[in-house]
Amino acid sequence: MTSASFFHGNHVHHAPVPRKLSDRATLTWGIIWTIVAVATIGVAWSLGDMRWDPLWIVVTVTGIALSATLGGAVSRLDATLIFSISPASLIVLYMGTDLGTAIALWGIANVAALFVRVRLIWDVMEYLCYQVGSAFVALSAVEWLAGEYGWREYYTAVALVIYLVTRLIISTVRLSVVTPITVRQGLAALIPIRLALTIFGIPLLAVVSRYLQVYIAERSNAFGPYWAGTYVTLATGLIAFVLATMWTIRVINNQLTGVHDAAISLPWSDDRPISDSALQYVKSALPNYEIEFRDEAGRNINEISSPMANGHLIARRGNNQAPLLEADQLVLDSIAHIGDTMVTVRSDHEKLYRQARTDTITKLPNYRAFMNGLEVTAQEATRGFAVVYIDLDGFKKVNDRYGHEAGNIFLKTVGERLRNQLEADEFVARLGGDEFGLILLRLKDKQAGHERMKVILPAVADHVKVGSLWIPVELSYGLSFSLPGTTEARHLIEEADYRMYEGRKGRRNGNDRSELMEIGAIRQVIKQASLPFAYQPIIDAETGKIVSLEALIRPGVSELAGSTAEQIAERARFEGQLTELSIYLLRTSLADMRRFQQVVPELNSLHINIDVEQIADDEFIGALQSEWEGAGIELTLELVENSLGKRYDRVTTRLQRMIETPFLHVALDDFGTSGCTLESVIHFPFDILKIDRSISADLGTNKSDIVIDMIVELGQATGAAVIFEGVENDDVYKYLRASGVRFMQGYRFAKPLLADELVDRFVKHGLDAVVDEPVSEASK
C-alpha cells in the first residue's frame, strides 16, 4: 500500500451518474481507457532502458506516489487534476533516465496513488490517460527545447507550463461530457490562488529540483543523474506528503469541528429555524462548498444531499472544485440527523409544554398557563384589565350524585361557555377542581368589569345537559382590577380569590356585599393614621374598678367600612401588612393610654391582640422596644390560641423572656373555643388566661360548674390570672363571682368605646366598673 492510502476517501457516486451515457456505455468507456492506459505503460516499459535495480525502482515509485498525494489532498482529486507536483517528478525522472522508463514508472506510481483514493479502476485509468497524454506533449517540448537550445533547467519550467495547459484543456473537454461547462466556468476556480500555485509554483519546484539533480550529479561520482533524480524525487515526495498531511488534517478538523459544534450546541437555539442552524454547522464543516437548504434533493453529480424534515441539506461544488467525497456525505448526514433529532425533540418538547399548561378535562389552559398569561398581560396591557376568579358552587354534589364522568362533562361545558363569551385575546383557564380564572381586557374601571360579568354569567349559568339530566349551574365570582404597568400581577388572582370567598360567605350570612375592601386599603389607612380603635374595660370584681383596657379594631373609614375586625386582620395577613397593622395598633393605643391617664392617672394597664407571627418578627419586636419601653404602662400581648398550633423554639424563648420582663405580660386569648387544645397551655409560656365567652353561655349546669372550677384551679396552679370574657348581665357576673372569678370583661360593664367616648366616661365616672347611664349604640 502506498502512502496515498493515508488520505483515503472515496467519491460520492450518484445513481445514475449523469454522463449522458448509459451504464453499459459507461462501463465500456472505462474498459477502453483501462486498455489504453495499460497498453501505454506496457509499451513505455518495453521501449525503456530499464535497469533492474529493485531499490532504485522502489525509491522512484515511492517518491512519485508521495508527490501525487499533495494533489489528492489539496485538490482532493480535482476535476481538472491541475494542482499536482507529480509532473515535476516526471521531468526530473526523465532527466536521469530514458523516456520509456520515465513514462512507465511514473504511470505505475500514479495508478497506485489514484487507485487508493478513487477505488474505481476505469476512472483511475481515464485520469491516467489524460495525464500521460499531457506528459507526452510536455516531454516532446523538453526534447525539442533541449535539442535546439541546450537549456538544462529553464526549459523544465516551460515544459511544465505546456503540460499544465494541455492538462487543463483535456480535463475541461472531459468535464464537458459529464456536465455542461463553459470556458469561463473552467477557469473560474483557478483564479487567482490556484492559477498562481499552478503556473508559477509547480514549474518553480521543478526548476529547483533540476538544479539539485544537476548539483548532486556533478559533485558525486557515485550517483550521477540517474540516482540523483531518484533521490530528488523522493525528497520532493516527502515534502509533498508532509504538506498533504497538514492540508488533510485541516480538512478533517473542519469536518470534526462542524459536527462537534452541532452536537455540543444541543439543544439548538429556539430563536431560529432548525434548518438555519444546520446550514451554519455544515458551512463550518465544509467551508469550501456552497451549502443550502431546499425542497428537492441533489440533482447532479456536483451535489450531495441529506434529507431533513421539510427539505434537504445540499452541498454543491463548482465544476473546478474538488469532488465531494464519502466523508463529506457522512458529515452532511450526521448534521442532518442531528437536525432531524432536534425537530423531533422540539416537537415533543412543545407537545409536553402544551400538555403541562393544558387542563386534561376541559382542554383549557391550566393554572400555570394562567399565571404566565397574567404576567404577560400586566406587562403588555395598554388599558385596564380585570382578573376574575370563578367557583362552581356545589360541584362536589354533582360528582357524588351523578358520577365523575358527568362531572367532567359539566366542567367541559362550563369551560366552553366561558371561552365563547370572551374576546379572542382574552383568557380563560381552569385553575383546578371547580375553579376557573378569566382575564378581561380593555376595561375603564372595576365597574366595567362587573358589567362584563353581568353579561357573561347568565350565558354560563344555564343548566347543563348530561344524558337525560339537566344539572343547574351555580357560580360565585370575585373580581380584581388593575391599570397597566402593575408590578403586583400575582396578587390580583389572590385578591380575586379572596373576594370570591368573602362574597360567598357574605351571601350565606345574608349580606351579599358585592364590594370588599380595596387592595392596598389597609396600607393606606395605616399611612394616613385613619383607622380608629375602640377600648373595652377589664374590671376587678373585688374592687369594682376598671383595671385595664383591651384595644380593638373598629373600622370607621370608607375604605374598610363594612368589614369586621377579623376580616381586616386576615386581609392584612394576605397583603403582608400584618406587622404594620400590629405596630400601628401598638403605637396608637399607647398614645390613647396617655390621654386616658391625664384623666385617670392610676390606670396603667393595656391589652392588645397580636398574632404569633409578630413574636417571631424582629421588626415588631424592635417596634415594641422603641414604642413601649419607658412608657410606664403595663402591657399585655394577647395571642389567639389557634395561632399557636405549632411549637417554635424561637417563639417559646421570646415568650418566656416577655413574661420575665417587668410590666410585660402574655395572655392566651379565646381559651375554650372549638379549636382550643391544652397543647398551647403546656408548651407556651403565658401569665394570663382569657376565657372565651362561649364558656359562660350555658351557666348553671353541673358540667359548666365543673369546667369553671377547673379553669379557676388551672389559673391558680399555673400562676396565671384568669379573665372571663362575655359577661353580659348580672346573672353571669354573680355566678362567676361566686365561683371565685375575679377579672371579667363584657357588656355588663361597658361596650367597646372610641377613645373620645372613653375619655368622657372617665371624666364623669372615673374607674367605676358599673355606671348608670347607657352607652351610645354608635360605639358598638
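**Figure 1. Gln536 in strand S10 of a predicted model.** Gln536 is buried, at 7% relative accessible area (buried means under 20%, exposed over 50%, partly exposed in between; 1.4 Å probe, protein chains only). Gln536 belongs to strand S10, residues 533-540. Helices (H or I, at least four residues) and strands (E, at least two) are DSSP runs, numbered from the N terminus. The Gln536 side chain reaches the backbone oxygen of Ala750 at 3.1 Å. Leaving aside residues up to four places away in sequence, Gln536 touches Ser548, Leu549, Glu550, Leu552, Gln745, Gly746, Tyr747, Ala750, Lys751 and Pro752; contact means heavy atoms within 4.5 Å. The model is predicted: local features need pLDDT of at least 70, side-chain atom pairs count only at pLDDT 80 or more, and totals for chains, interfaces and linings use all residues. Residues are numbered from 1 along each chain as its sequence is written, and side-chain values use heavy atoms, with hydrogens and water left out.

**Figure 2. The Glu292 and Arg316 salt bridge.** The side chains of Glu292 and Arg316 meet at 2.5 Å, N to O. A salt bridge is a side-chain nitrogen of Lys or Arg within 4 Å of a carboxyl oxygen of Asp or Glu. Glu292 sits in strand S1 (residues 290-294) and Arg316 in strand S3 (residues 311-316), so the pair ties together parts 24 residues apart in sequence. Glu292 is partly exposed, with a relative accessible area of 23%. Arg316 counts as buried, at 18% relative accessibility.

**Figure 3. Arg499 and Glu495 within helix H16.** A salt bridge joins the side chains of Arg499 and Glu495 (2.6 Å, N to O). Both residues lie in helix H16, residues 489-508. They are four residues apart, about one turn of the helix. Arg499 and Glu495 are both buried.

Figure 4. Glu728 and Arg693 meet through their side chains in a salt bridge of 3.6 Å, N to O. The pair links distant parts of the chain, 35 residues apart. Glu728 is in the loop between strand S16 (721-724) and helix H25 (730-738). Arg693 is in the loop between strand S15 (688-691) and helix H24 (702-718). Glu728 is partly exposed, with a relative accessible area of 35%. Arg693 is partly exposed too, with 48%. Elsewhere, salt bridges that share partners join Glu290, Glu292, Arg294, Glu296, Glu303 and Arg316 into one network. By this rule, the count comes to 22 salt bridges.

**Figure 5. Helix H19 against helix H21.** Two packed helices are described by the angle between their axes and the distance between the axes. The axes of H19 (residues 578-599) and H21 (residues 618-628) come within 10 Å and cross at roughly 10 degrees. Axes are lines fitted to C-alpha atoms, for helices over the stretch in contact; angles run from 0 to 180 degrees between N-to-C directions. H19 and H21 are therefore roughly parallel to each other (under 35 degrees; over 145 is roughly antiparallel, 65 to 115 roughly perpendicular, the rest oblique). H19 contributes Thr579, Glu580, Ser582, Ile583, Leu586, Arg587 and Leu590 to the contact. H21 contributes Glu619, Phe620, Ala623, Leu624, Glu627 and Trp628. These residues divide into seven nonpolar, two polar and four charged.

**Figure 6. The protein chain in outline.** The secondary structure comes to 26 helices and 18 strands. Buried residues make up 50% of the 780 residues.

Definitions and conventions:
Ala, Val, Leu, Ile, Met, Phe, Trp, Tyr, Cys and Pro count as nonpolar, Asp, Glu, Lys and Arg as charged, and the others, Gly among them, as polar. A polar contact is a pair of N or O atoms within 3.5 Å; within protein, one must be able to donate a hydrogen and the other to accept it, and residues adjacent in sequence count only if both atoms are side-chain atoms.
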